[in-house]
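Colleague: I have a model to look over and would like to learn how its features are read. Please start with a single side chain.

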Amino acid sequence: SKSRISSARANFTTNPTMKTQPHRRQNGFTLVELLVVIAIIAVLAGAGFAAGNAAIQKAKKTTALATCTALESAVSNFYTEYGAMPTDKTTDTVTVNTKTNITDFLNVVLGLETGSNPLNTRAIKFLSVKEGKGGKNGLIYNTSGSTVTGLFDPWGGFYGVAMDGDYDEKINPTPSAGNAPTLNGRRAAAWSNGADAVSGSGGKATDDVKTW
């Protein structure tokens, strides 16, 4: 009857348990959502690290090439000034790729020789490269700053310099992987063995930095 219908409507209105409650999502993320977010962050971080490392290696190669160019120019300028190579060797090529003999060469082109018969008699500074720190990325001087104890590339390895010791304008530089091309019409060439810092057949030719 009408009275029963009215009573039921009134009861539905006043009794909240009879209403359909809307579903509300709990606060926070589910485990699956958290794992997805973590995976995305890991991928982005990996991509950012790879890009950052590539940029760092490119900058190091640019620095190494600038130093190699400066080394080659130092030899050429020394020859222009004195009509001779900055070495007392007379072999076909003089390869300077160890700490000992590159130190002798560096002190010559920097005008820092200490012997009684210097090759650079006017003590002219032919080489201009930055000073390094911690055995990397530049010239390392002795404690008094009077002589050089080494020249290191950005990876901590040595530079190599090939010079035309017999003045036939042919040199054979020897960077990594045993690659020793004959360079004609050249009095000097310089290189770095790159990130692996390995010379000879055990090194990677692809990471070498060179002036030819």
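Colleague: What is the relative accessibility of tyrosine 167?

Modeller: Buried means under 20% relative accessible area, exposed over 50% and partly exposed in between, using a 1.4 Å probe and the protein chains only. Tyrosine 167 has 37% relative accessibility, so it counts as partly exposed. The model is predicted: local features need pLDDT of at least 70 and side-chain atom pairs count only at pLDDT 80 or more, while totals for chains, interfaces and linings use all residues. Residues are numbered from 1 along each chain as its sequence is written, and side-chain values use heavy atoms, with hydrogens and water left out.

Colleague: Where is tyrosine 167 found, and what is its phi near?

Modeller: Most residues other than glycine have a negative phi. Tyrosine 167 has a positive phi, near 60°, and is found in the loop between β4 and β5. Helices (H or I, at least four residues) and strands (E, at least two) are DSSP runs, numbered from the N terminus. Alanine 123 also has a positive phi, near 50°, and its place is the loop between α3 and β2. At 45% relative accessibility, alanine 123 is partly exposed.

Colleague: How many helices and strands does the protein have?

Modeller: There are 3 helices and 8 strands. From the N terminus on, the order is α-α-β-α-β-β-β-β-β-β-β. Of the 212 residues, 30% are buried.

Colleague: How many bridges join β2 to β3?

Modeller: Two strands pair if DSSP finds at least two bridges between them. Strand β2 (residues 138–141) and β3 run antiparallel and are joined by 4 bridges. Within this pair, tyrosine 141 stands opposite valine 148 in β3. The hairpin has 6 residues between the strands, and glycine 145 takes a positive phi there, near 75°.

Colleague: Which residues touch the most other members of the largest nonpolar core?

Modeller: A nonpolar core is a set of buried Ala, Val, Leu, Ile, Met, Phe, Trp, Tyr and Cys residues joined through side-chain atoms within 4.5 Å. The largest one has 26 residues, and Leu71, Val75, Phe105, Leu106, Leu127, Tyr159 and Val161 touch the most other members. At least two residues of this core come from each of α2, α3 (99–109), β3 (148–152), β4 (159–164) and β7 (188–192). Helix α2 gives the most, 7 residues.

Colleague: Which residues is valine 75 in contact with?

Modeller: Contact means heavy atoms within 4.5 Å. Leaving aside neighbours within four places in sequence, valine 75 is in contact with Met85, Pro86, Phe105, Val161, Met163, Arg187 and Ala188.

Colleague: Which residues are linked in a network of salt bridges?

Modeller: A salt bridge is a side-chain nitrogen of Lys or Arg within 4 Å of a carboxyl oxygen of Asp or Glu. The whole structure has 5 of them, and the network links Asp164, Glu169 and Arg187. Aspartate 164 and arginine 187 meet at 3.1 Å, N to O. This pair links distant parts of the chain, 23 residues apart: aspartate 164 is in strand β4, and arginine 187 is in the loop between β6 (183–184) and β7. Both aspartate 164 and arginine 187 are buried. Arginine 187 also meets glutamate 169, at 3.0 Å, N to O. Glutamate 169 lies in the loop between β4 and β5 (170–171) and arginine 187 in the loop between β6 and β7, so the pair ties together parts that are 18 residues apart in sequence. At 34% relative accessible area, glutamate 169 is partly exposed.

Colleague: How far apart are the closest N and O atoms of lysine 89 and aspartate 88?

Modeller: They are 3.9 Å apart, and the two residues form a salt bridge. Lysine 89 is partly exposed, at 49% relative accessibility, whereas aspartate 88 is exposed, at 60%.

Colleague: What does asparagine 137 touch?

Modeller: Not counting residues up to four places away in sequence, asparagine 137 touches Thr63, Lys130, Glu131, Gly132, Phe152, Asp153 and Pro154. Its place is the loop between α3 and β2. Asparagine 137 and alanine 64 are 73 residues apart in sequence and 8.1 Å apart in space, C-alpha to C-alpha.
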